[in-house]
Every structure is written in structure tokens, then in C-alpha cells.
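Open your viewer and get ready to select a few residues with me. We will hop from stop to stop, and at each one I will tell you what to look for.

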Amino acid sequence: MLLFLFQGCGGPGWYVARDVGAPAHVLVGYGQGDSMASARSEASREIAEALRVSVHSTGEVVAERGASGRMFSSHFRVDLESRVSLSHLTMVKRTRASGRYYVALGYDNRTLFQKVAADREHLLKRPLAFGEGYKAALPLARELATAGVFPSQFHLVRRHGGWTLRVDPAVYPVDTDAWFRLCFVEKTENKGLRIGVTPEGLLASGSPYQVHLSPPEPTGSLSLYHVSESGQVLSLMTNRPVDSLSPLTFPDENFYEGLEAIPDSAHGSRDMLLVRWDPEPIHSGTPHAPISVTPLSENDGRTFSYGDLLEQLRDTRWASCFVWIQAL
């Protein structure tokens, strides 16, 4: 206990005072240890506890043989809180004193749009054409426009298994869950309309899967859409008539093995399937092509945007589910 109190109260002045002069929007975590790695880990954990977000970092699992010859496993596991904070921390200050390491890590606690707006304050706000294509219709783009950033000025880049927003020259990491909250609005009250996928869970690249649809009423029509992580939409099925409450399977399992799980990058993908129910057939022209191996260009005539789809879904009944596809 005396050793703990000594270590907890000692160290450089900035560490003892817990003051590195960071801006109010930067959440600072302090840590110390016999190595830089352990000091960073302690500081990360402090930030994570403040954010109250959970993530588990699992290390190597080693199989060992004991003196009796019996095999057993030793597990190395570190429970740190928050994938977001651990991925986007910056070193604010560090010192080595008396053989120990002292660090202060910072996490910018502003929202993505607050960060973008702060970095763009020097720009003159002037009326600009909002733009066309799938980016222009993303809910994400609407909020960026309030910060003076228009579709022609930003790029969505998938990097290291996650998404980043590039507004030259700055790059802003976007957490995967935050990305879907910003870009995809899910219907919670669909009055009996149901959608599901088999097999459940993570799908292997190239494996087939089936979509199961349960109509909310015995008469009407169903339409099915595939939404990629970039916000592109492909129409898989349009105006499929129903005459009972019996569930439907797409594609027809009597003729097709299923849709092919195709990741859109080396990091895999998480796509959304969305079903719409209408009491009468909708007029939407010819169906679009099925899922493409790679994201299609913004000008490809077979695609339209998720924003446009949301406009079509106003005051209609729809439900959605996600499909997780592992990397190649």
C-alpha cells in the first residue's frame, strides 16, 4: 500500500497536478508504469472509463504442458474500454523519471461535425451547388453541408477496417457504429413486417445466404433493396405480390443457392438489406442489377442513393437487417 501511495502521488509536476493545459474539448488520461506500453495502457483505460464504452483487446492464447504432462492454456487478455478512444489517442506529454514512465494521452471529445466545422472556420461560407450522386443524398452529407463541406469536397475512405472522412488535407476517423448511425436510419415500428438472413452471424466470403421476408398483411407487394456501406442502393426485388401471411424467401431456394456474400474491400463489409411493403404495387421502372463485386461508380445507371431510398420510404412500412461479411 505504501508503494502504491508513493507511485500514485509521485512523478513530474504536471502529472501530480493532472494539468497539461489541454483545451476543454480534449479528454486527457494520465498513466505511469515501468514501460511506456504499461503507462499508455493505464492512460488509455482512464480515458475509456470516462467514455464508458466497452471493447476487449484479446492477446495471444498459449497452450502449455505442465509437469504432470497435462495440457493447459494460459490466456493473455486485456480489458480496455473503447475502441474509439484507443484508436484515436494522441500523445500530449511524456516524461521518464527515476526509471518510470509518465504519460498524458488526449482524446478529442468533439463530434465529427464539430471537428470538421472547427477546422473549416477560416473558409468563407457562400452558397454552393449541393451536388449530385449518392454522397449528396447521405444524411452524413447533409450535416457536413452545415459545416461548409459539400460532396465535391469530401471523400469517404475505408482504412484499417474502418471508415475515414477526408476533407483535404485533414482526415477524420469515423467509428463503424457511428458511421451507420450517421448514414443509416432504421425503422423501429414496422407493424408486423419482418426481415431476416440465414445463415446468421458472420458470413464467409463467397458463401451463399438467403433473405426471409414476412409480410404484415395477406395482400400487397414487397420490394427488397441492398445498401452498401458507401450508401449505394441496388434494387433486388420490386413489387413481389403476396396473397397470404406466409414468409417468402429471396432468392427462390428451389432455383438458387442464395445471394453471394461479397466483401467490398480487404477488410470485409457490413451491408444492409431493406424490405418495403406497399398495399398496392409501386411504380419504379425496371429492377436494378443484383449485388456488384465492387462499389459501383456514382454515375452508374443501376444504382441510386440511400438518401433517395429514404425519400421513397416516407410514410411507408419498411424493415431492415445487417449482413456481416468477412474479408477476402
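## A guided tour

Begin by selecting Gln-232, which counts as buried at 6% relative accessibility; buried means under 20% relative accessible area, exposed over 50%, and partly exposed in between, with a 1.4 Å probe and protein chains only. This is a predicted model, in which local features need pLDDT of at least 70 and side-chain atom pairs count only at pLDDT 80 or more, while totals for chains, interfaces and linings use all residues. Residues are numbered from 1 along each chain as its sequence is written, and side-chain values use heavy atoms, with hydrogens and water left out.

**Stop 1: strand S12.** Gln-232 sits in strand S12. Helices (H or I, at least four residues) and strands (E, at least two) are DSSP runs, numbered from the N terminus. Ser-235 is buried, with a relative accessible area of 3%. Its side chain is joined to that of Thr-238 by a polar contact of 3.0 Å. A polar contact is a pair of N or O atoms within 3.5 Å; within protein, one must be able to donate a hydrogen and the other to accept it, and residues adjacent in sequence count only if both atoms are side-chain atoms.

**Stop 2: the sheet.** What is the order of the strands in the open sheet of five? The order is S16-S12-S11-S15-S17, with antiparallel pairing; two strands pair if DSSP finds at least two bridges between them. At the edges are S16 (304–305) and S17 (317–325), each pairing on one side only. Colour S15 and S17, and you can follow an antiparallel pairing over nine bridges. One to select is Met-272, whose bridge partner in S17 is Phe-322.

Stay with S15 (residues 269–278) and click Asp-278. Asp-278 is buried, with a relative accessible area of 7%. Its side chain makes a polar contact of 2.8 Å with the side chain of Arg-276.

**Stop 3: the nonpolar core.** In soluble globular proteins, nonpolar side chains tend to be buried together. Here the largest nonpolar core has 34 residues, and Leu-112, Leu-140 and Trp-179 are among those with the most contacts inside it. Such a core is a set of buried Ala, Val, Leu, Ile, Met, Phe, Trp, Tyr and Cys residues joined through side-chain atoms within 4.5 Å.

Select helix H5 (residues 112–119), where Leu-112, Phe-113, Lys-115 and Val-116 are the buried residues. Seen down the axis of H5, these fall within an arc of 160°, so they line one face of the helix; the arc is that of the directions from the helix axis to the C-beta atoms.

Stop 4: Most residues other than glycine have a negative phi, and most peptide bonds are trans. Select Asp-168 and Pro-169 to see a cis peptide bond, with omega near 0°. Pro-169 lies in the loop between S7 (162–167) and S8 (170–174). Then try Thr-198 and Pro-199, where the bond is also cis, with omega near 0°.

Finish at Ser-98: is this residue buried or exposed? Ser-98 is exposed, with a relative accessible area of 81%. Its phi is positive, near 55°, and its place is the loop between S4 (90–97) and S5 (100–108).
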